[in-house]
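Okay, everyone, thanks for coming.

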Amino acid sequence: MSKKNIVLDAILKQGTLPLFFYKDPEVSLQITRTLYKAGIRVFEYTNRGAAALQNFKVLKQALANGDMPGLELGIGTIKSLQEAEVFIAAGADFIVSPIVNPEVGKLAAQHNLLWIPGCMTPTEIYTAQQNEAALIKIFPANILGPEFVSSIRDLFAGQLFIPTGGVDLNHDSISTWFKAGVCAVGMGSKLISKSVLENREYDKLYNDTLKLLEIVQTIK
């Protein structure tokens, strides 16, 4: 099975895609280990700070050393071709973007990697489809809401969607999104909060991740 399909299957099976960035590499590593310990096998590290590339390399080195076997590690907030090239060279297992940049999609396809572009309109969704986006991120989901997915899913029958930015860590919120037609939910600061990062609240993150996975599996 191709890397693209392996990652897509992992996201569909997991039903959620955690994502975060933090400036400290050791905290980033401990957060990742905590997510893994709770059962996460695919997640997105976001390119949202000067330390993102170096921290990503730290995480990839841990994986190379046999830590967290089977974890698929993607990179998010990729807007340009240059950013994509750098992180693919660093070993990214998949690419997530807040926008639709066809050049990034083509590069991902050349490397047989899953590309998840962010879309806000039907036109953007169509453009993403034309550039082989198997999974599309609804972003910003807090602005668009589940009703947006419900309204457009028949226009794009068979397309897989994942919202990012508008999902709360509770059964009602997650259930509403799945009923609207998404295949998984992105979880950023509602799971890996500023407090969790700055105060090293690893036990809280572990328990919240267990809760998230339990909710998702009861809904799917």
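Let's start just after H4, where Gly91 takes a positive phi of about 105°. A word on names: helices (H or I, at least four residues) and strands (E, at least two) are DSSP runs, numbered from the N terminus. Before I go on, the caveats: this is a predicted model, where local features need pLDDT of at least 70 and side-chain atom pairs count only at pLDDT 80 or more, while totals for chains, interfaces and linings use all residues. Residues are numbered from 1 along each chain as its sequence is written, and side-chain values use heavy atoms, with hydrogens and water left out.

Back to helix H4, then, which covers residues 81–89. Ala84, Phe87 and Ile88 are buried there, and buried means under 20% relative accessible area, with exposed being over 50% and partly exposed in between (1.4 Å probe, protein chains only). Those three cover an arc of only 105° around the axis, so they sit on the same side of H4; the arc is that of the directions from the helix axis to the C-beta atoms. Gln82 and Ala89, on the other side of H4, are exposed. And what covers the buried residues? Among the covering elements are helix H3 (52–64), strand S3 (72–76), strand S4 (94–96) and helix H5 (102–110). Covering here goes by contact, meaning heavy atoms within 4.5 Å.

Now, the loops on either side of that region. Thr77 lies in the loop between S3 and H4, and at 13% relative accessibility it counts as buried. Its side chain makes a polar contact of 3.2 Å with the side chain of Arg48. By polar contact I mean a pair of N or O atoms within 3.5 Å; within protein, one must be able to donate a hydrogen and the other to accept it, and residues adjacent in sequence count only if both atoms are side-chain atoms. Not counting residues up to four places away in sequence, Thr77 touches Glu44, Thr46, Asn47, Arg48, Glu83, Val96 and Pro98.

Ser97 is in the loop between S4 and H5. It is buried too, at 1% relative accessibility, and its side chain reaches the backbone oxygen of Ile78 at 2.7 Å. Leaving aside neighbours within four places in sequence, the contacts of Ser97 include Trp115, Ile116, Pro117, Gly118 and Lys137.

On to the empty spaces. Rolling a probe the size of a water molecule over the atoms shows where empty space is left. On a 1 Å grid over the protein atoms alone, a cavity is a set of points where a 1.4 Å probe fits but cannot get out, and a pocket is an open set with protein on both sides within 12 Å along at least five of seven lines; lining residues have an atom within 4 Å of a point. Grid points are joined across faces, edges and corners, and a volume is the space filled by probe spheres set on the points.

How many cavities of 30 Å³ or more are there? Two. The largest holds about 50 Å³, and Thr77 turns up again in its lining, along with Leu19, Glu44, Thr46, Arg48, Pro98, Lys137, Phe139 and Thr164. By class, that lining has three nonpolar, three polar and three charged residues. For the classes, Ala, Val, Leu, Ile, Met, Phe, Trp, Tyr, Cys and Pro count as nonpolar, Asp, Glu, Lys and Arg as charged, and the others, Gly among them, as polar. The second largest cavity has a volume of about 40 Å³, and its lining includes Leu17, Leu19, Glu44, Lys137 and Thr164. That lining divides into five nonpolar, two polar and two charged residues.

The largest pocket comes to about 370 Å³. Of the 19 residues that line it, the closest to its centre are Leu19, Arg48, Gly188, Ser189 and Lys190. Strand S1 (16–20), strand S9 (185–187) and helix H10 (194–198) each supply at least two lining residues.

Last stop: Gly15, in the loop between helix H1 (3–14) and S1. Gly15 is buried at 0%, and its C-alpha atom is 6.5 Å from that of Cys183, 168 residues apart along the chain. That's my tour, so over to you.
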